[in-house]
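Hi,

Here is the structure I promised to send over. Have a look at it first, and then read my notes below.

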Amino acid sequence: MIRGATVTTTWLALFVWSLLAHAQTGFEAGLAAYADGMYGEAARHWQRGTDEGDSRSEFNLAVLHEHGKGVNPDIDRAVALYHSAAKKGFIDAQFSLANILLAGPGEVKKNTDEALMWYLQAADA
């Protein structure tokens with residue numbers, strides 16, 4: 001009887017492991033949805049990644065908010081997401097944030113000094 005229980009436990013452990021091995025992160029699931037043109041779904045996945053502190057998800061969600069793909073355009077939200085990812089050292093976010101701060105679109109106040117700082121940080125990495 002013990003041998004049967006051990007086999008059952010082993011198979012159960014392998015089954016759970018296989019499920020976990022195939023699970024996608026919020027970031028990866030967002031990439032798949034984006035590639036299929038499902039921008040709203042990508043935004044939901046990247047929001048999950050953002051909630052978990054993933055800078056890649058923050059950056060990609062910022063791009064969606066900046067361009068209004070799958071979400072309402074929201075430059076302030078995009079700036080906040082770019083800023084969060086930039087502080088974590090994500091180079092693309094540093095560069096994008098610098099571009100926005102240099103241009104000062106919409107309600108975003110133009111800030112040449114801060115833009116230069118982010119450009120330099122991106123170049124330094």
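Which helices do the buried residues of H2 pack against? They pack against helix H3 (39-51) and helix H4 (55-67). Before you go further, keep in mind that this is a predicted model.

Let's stay with H2 for a moment. This helix runs over residues 26-35, and its buried residues are Gly26, Phe27, Ala29, Gly30 and Ala33. They sit on the same side of H2, because the arc they cover around the axis is only 165 degrees. After H2 comes Gly37, and its phi is positive, near 75 degrees.

Now for how the helices are arranged. Two packed helices are described by the angle between their axes and the distance between the axes. For H2 and H4, the angle is about 35 degrees and the axes are 10 Å apart. Their crossing is left-handed. On the H2 side, the contact is made by Phe27, Leu31 and Tyr34, and on the H4 side by Arg56, Ser57, Asn60 and Leu64. Two of these residues are worth a click: Arg56 lies over the face of Phe27, at 3.9 Å from the ring centre.

If you want to see who touches whom, H3 brings Tyr39, Ala42, Ala43, Trp46, Gln47, Gly49 and Thr50. Across from them in H4 are Ser57, Glu58, Asn60, Leu61 and Leu64.

Next, the aromatic rings. How many aromatic pairs does a search of the whole structure find? It turns up 5. One of the pairs is Phe95 with Tyr119: the ring centres are 5.6 Å apart and the planes are at 65 degrees, so this pair counts as edge-to-face, for which the planes must be over 60 degrees apart. Phe95 belongs to helix H6 (residues 91-103) and Tyr119 to helix H7 (residues 112-124), so the pair ties together parts that are 24 residues apart in sequence.

Key: Residues are numbered from 1 along each chain as its sequence is written. This is a predicted model: local features need pLDDT of at least 70, side-chain atom pairs count only at pLDDT 80 or more; totals for chains, interfaces and linings use all residues. Side-chain values use heavy atoms; hydrogens and water are left out. Buried means under 20% relative accessible area, exposed over 50%, partly exposed in between (1.4 Å probe, protein chains only). Helices (H or I, at least four residues) and strands (E, at least two) are DSSP runs, numbered from the N terminus. The arc is that of the directions from the helix axis to the C-beta atoms. Contact means heavy atoms within 4.5 Å. Rings of Phe, Tyr and Trp (its six-membered ring) pair if their centres lie within 6.5 Å; planes under 30 degrees apart count as stacked, over 60 as edge-to-face and the rest as tilted. A charge sits over a ring if NZ of Lys or CZ of Arg is within 6 Å of the ring centre and within 35 degrees of the ring normal. Axes are lines fitted to C-alpha atoms, for helices over the stretch in contact, and angles run from 0 to 180 degrees between N-to-C directions. A crossing is left-handed if the near helix is turned anticlockwise from the far one by less than a right angle, and right-handed if clockwise.
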